[in-house]
Amino acid sequence: MKLRRTFAVGLLAAATALIPAHQSGAAAGGGLPFGSATTVGLHNTYDPAAFPFLAQSLDTGTGMIELDVWTDTVTKEWKVSHSNPLGNANNCTAASSPAQLYSGGTNKNLEHCLDDIRVWLGAHPGSGPLVVKLELKGGFAANRGMGPVQLDSLIAAHLGSTAFRPADLLAKPGGGPYATLDEAARAGNWPTRAALAGRVLVDVIPGTFEEGNPFDTLHTDVEYARHLRDLAAAGKVGQAQVFPVVHGATSGDPRGKYGETNIRPWFVVFDGDASAYVGGIDTAWYDSRHYLLVMTDAHNVAPAISGTDPTADQARARVSQLAAAHASIVSSDWRKLPEVQSTVLPRG
């Protein structure tokens, strides 16, 4: 009986691996520039309570997944967990083939989550583009060998050419590059969604623990933006794998909070609470400059709907509302609505 049950589970996993995902690449809004589309994203997709396997979140056709990452400076490992800085608690499997995405042990380091993403994209070449949002819970630890340089190396080794890097946005067609990410974005240099099928844009936000730590005076956003600025000045911007994010919804140009004016042009991705953005902030400012705008906790926008189980019509209406409000990504925990997660709309 045990052997028969194991065999059945194996057949189910193999069959699941062959089920076509809800794809949102060239088949949906493929002609839209990446910065001119609105897609839907999922919060905390690494959580086993959300999906037994990370690949199942990708199967929804979502435009964004989120991974919480801790720097374990003792083992020099990037741990993926909500609250344990010294251990993994996630649904990544370290797959090397599509069949392994839905079986085997989980609770792996960040590099194995990236392997799962790369393998899944290889099996679904028309999908994407996909944003992978990293929340660096406690921030970098560059003084202990876990800084932006090491994160770049890890991403390059495990995502390879699937990563859409800052240098790719900077590259002018037939020439270039643009001097800064701000210049490139404002010139509308984002490729079309069809051109980015099968690709990943990794961005990074400061973590909740880091932002609440009074002894941490160098946050992730500033540290990575400095790194990106310095690489560009040294002619090595191709080494950068990540887009730094301005975290928090505020009026005007949120980059004004950075005292170092020369890092401001390296931010073209913004992330904050959807309710705050629609509460009086001029979000057309982001859209007109082709900056990416991630609106989180979409369910809380008045009138509030379920954070996990709204009806499909409720969720679609909310996505349409926030697309009209110039969101690039509408983030939620609507895990059971692939028909909504795979939505692509013209932005604005």
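User: What volume does the second largest pocket have?
Analyst: This is a predicted model. The lining of the second largest pocket includes His43, Glu66, Asp271 and Ser331. The volume of this pocket is about 180 Å³.

User: Which elements give two or more residues to the lining of the second largest pocket?
Analyst: Among the lining residues are Lys133, Glu135, Thr208 and Glu211. The elements that give two or more residues to this lining are strand E4 (130–136) and helix H7 (208–211).

User: How many residues in the lining of the second largest pocket are charged?
Analyst: By class, this lining has one nonpolar residue and five polar residues. Ile205 is one of the lining residues, as are Asp297 and His247. The number of charged residues in the lining is six.

User: Is Thr296 buried or exposed?
Analyst: Thr296 is among the residues that line the second largest pocket, and it is found in strand E8 (residues 292–296). Leaving out residues up to four places away in sequence, Thr296 touches Lys133, Asp271, Gly272, Asp273, Ala274 and Ser331. The relative accessible area of Thr296 is 15%, and the cut-off for buried is under 20%. Thr296 is therefore buried.

User: How much space lies in the largest pocket?
Analyst: Residues that line the largest pocket include Trp70, Asp72, Phe140 and Arg144. The lining divides into five nonpolar, five polar and two charged residues. The space in the largest pocket is about 220 Å³.

User: Which residues does Trp190 touch, not counting residues up to four places away in sequence?
Analyst: With residues up to four places away in sequence not counted, it touches Pro33, Phe34, Gly35, Phe164, Leu169, Ala185, Leu201, Phe243, Val268, His290 and Leu292.

User: How many residues apart in sequence are the parts that Cys92 and Cys113 tie together?
Analyst: A disulfide joins Cys92 to Cys113, with an S to S distance of 2.0 Å, and both cysteines are buried. The torsion about their S-S bond is about 100 degrees, so the disulfide is right-handed. Cys92 lies in the loop between strand E3 (77–80) and H3, and Cys113 in helix H3, so the parts tied together are 21 residues apart in sequence.

Key: Residues numbered from 1 in each chain as written. Predicted model: local features only at pLDDT ≥ 70, side-chain atom pairs only at ≥ 80, totals over all residues. Heavy atoms only, no water. 1 Å grid on protein atoms, 1.4 Å probe; cavity = no way out; pocket = protein on both sides within 12 Å on 5 of 7 lines; lining within 4 Å. Points joined across faces, edges and corners; volume = space filled by probe spheres on them. Nonpolar A, V, L, I, M, F, W, Y, C, P; charged D, E, K, R; others polar. Helix = DSSP H or I, 4+ residues; strand = E, 2+ residues; numbered from the N terminus. Contact = heavy atoms within 4.5 Å. Buried < 20%, exposed > 50% of the residue type's maximum accessible area, 1.4 Å probe, protein only. Disulfide = S-S within 2.5 Å.
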